[in-house]
Structure formats: structure tokens, C-alpha cells
Amino acid sequence: MRIDLSDRTSLQQHLGKEIGRSGWHIISQMDIDTFGRLTKDVDAMHMDPLWARDHSPYGVTIVYGFQTISMMTAMINEILKRGSTEAYKLNYGFDRVRLMAPVPVGASIRGIAKLKKIEDRGESRFLVTIEMTVEVEGKEKPAAVADWLFMVVNGDESERRPEMAGGANR
């Protein structure tokens, strides 16, 4: 099921319900190393497999917590399509974020989205809260749980974002 985020009326039917699941995303050591370099957080717990094997409580490197959170972008883009009248949606931040369990290198993670709240914010605008849970394949405890907010702004066709090369927009 792919919901139309721009249709406030139909969104009401999905309040409190799961609205989708992303595919599984494998996090490689190269992904972890790149994230560490980009964020200037070079840390052996994440980037040194030999050190982690001998000294980490996990025996392997683990994904950065912020990297796990940032992967929610790829996950939500798989779950939500661009709405029929959506000019754009803006990342409005988080009301709550919890990192619940480490993600070991090579693990697969996926996002599960649940529509938590819809608030009117003026003509053709509303704030949507989506509870995102990041699961680790084969683990009972989730890696992360967050209440993620999006400002949805509807508009006419001239206001809508163009499709990007490579299918980056939905």
C-alpha cells in the first residue's frame, strides 16, 4: 500500500496504522567508513574491524547511530510516493528519537512507518507525524524508533518539484 501524502482526507483513514515497510538495506563497512569520514567522526568502534573484534563489546564494528537515523530517508522514500497535489514536503524534524540497539556491520535494516498524527497548519498545509521503527533483520529489538515530522504543502502543478534524474523523486 502506498498512501497519497497530499490527500489529508484519505490520510485520516490511516491514523494509528502502519502505512508501509521499506526494503532491507545492508550496511557495509565501506558505508560506515564513508559516513565516519563525512561527519568527521573517525572512531575505532565503527571504523576499525580489528580493534572492534578484540575490544568492542559487540566483537564487530557497528553502524553509527546517526547513520541509522539518516537511512530513514531512503526508507521513507520507498514507503511514501509523492502526492497527487503535493508541491513539496519538508523534513520538519523529530519529536522523539531513541537508539535502542546497535546495528552490526553487514546487517540489514528496514523501516516500518506508522501514521501517528495529522495537524492542520493553514490553507493547503498540514503537519504529519510518522512513527518510524528501524528493524535489524533477525533481531527482536529495533535499532531505532522516532517520531518524524513532515510539513506537507499542496499546490498547483507549477509549484511541484520536478522529477530528478535516476528516479530520485517519487
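Predicted model: local features only at pLDDT ≥ 70, side-chain atom pairs only at ≥ 80, totals over all residues.
With a relative accessible area of 7%, Asp147 counts as buried, where buried means under 20% relative accessible area, exposed over 50% and partly exposed in between, with a 1.4 Å probe and protein chains only. Residues are numbered from 1 along each chain as its sequence is written, and side-chain values use heavy atoms, with hydrogens and water left out.

Asp147 forms a salt bridge with Lys116, and the closest N and O atoms of the two are 2.7 Å apart. A salt bridge here is a side-chain nitrogen of Lys or Arg within 4 Å of a carboxyl oxygen of Asp or Glu. This pair links distant parts of the chain, as Asp147 sits in strand E6 (residues 144-154) and Lys116 in strand E4 (residues 108-120), 31 residues apart. Helices (H or I, at least four residues) and strands (E, at least two) are DSSP runs, numbered from the N terminus.

How many salt bridges does a search of the whole structure find? The search finds seven. Among them is the one in which the side chains of Arg121 and Glu119 meet, at 3.2 Å from N to O. Arg121 is partly exposed at 36% relative accessibility, and Glu119 is partly exposed at 25%. Salt bridges that share partners also join Arg96, Lys116 and Asp147 into one network. Elsewhere, Arg53 forms a salt bridge with Asp54, with 3.1 Å between the closest N and O atoms. Asp54 has 49% relative accessibility and therefore counts as partly exposed.

Let us turn to the rings. A pair of aromatic rings is described by the distance of the centres and the angle of the planes. In this model, rings of Phe, Tyr and Trp (its six-membered ring) pair if their centres lie within 6.5 Å; planes under 30 degrees apart count as stacked, over 60 as edge-to-face and the rest as tilted. The structure holds three aromatic pairs. In one of them, the ring centres of Phe35 and Tyr64 are 5.5 Å apart and the planes are at 45°, so the pair is tilted. Phe35 lies in helix H2 (residues 29-38), while Tyr64 lies in the loop between helix H4 (49-55) and helix H5 (65-70), so the pair ties together parts that are 29 residues apart in sequence. Both Phe35 and Tyr64 are buried.

Trp148 and Phe150 make another tilted pair, because their planes are at 45°, with the ring centres 4.6 Å apart. Trp148 is buried at a relative accessible area of 4%, and Phe150 is buried at 5%. Ring pairs link Phe94, Trp148 and Phe150 into a cluster.

Now for the helices. Met30 has its place in helix H2 and counts as exposed at 65% relative accessibility. Although 75 residues separate Met30 and Val105 in sequence, their C-alpha atoms are 9.5 Å apart in space. Ala52, found in helix H4, is buried at 0% relative accessibility. Leaving aside its neighbours within four places in sequence, Ala52 is in contact (heavy atoms within 4.5 Å) with Ala44, Met45, Gly59, Val60 and Thr61. Ala52 and Ile62 are 10 residues apart in sequence, with 8.6 Å from C-alpha to C-alpha.

Where do the buried residues of helix H6 point? In H6 (residues 72-79), Met72, Met75, Ile76 and Ile79 are buried. They cover an arc of only 95° around the axis, which puts them on the same side of H6; the arc is that of the directions from the helix axis to the C-beta atoms. An α-helix has 3.6 residues a turn, so residues three or four places apart point the same way.

Finally, here is the whole chain. The protein chain has six helices and six strands, and from the N terminus on its elements run α-β-β-α-α-α-α-α-β-β-β-β. Of its 170 residues, 42% count as buried. Among contacts with a separation of 6 or more, 70% come from residues 24 or more positions apart.
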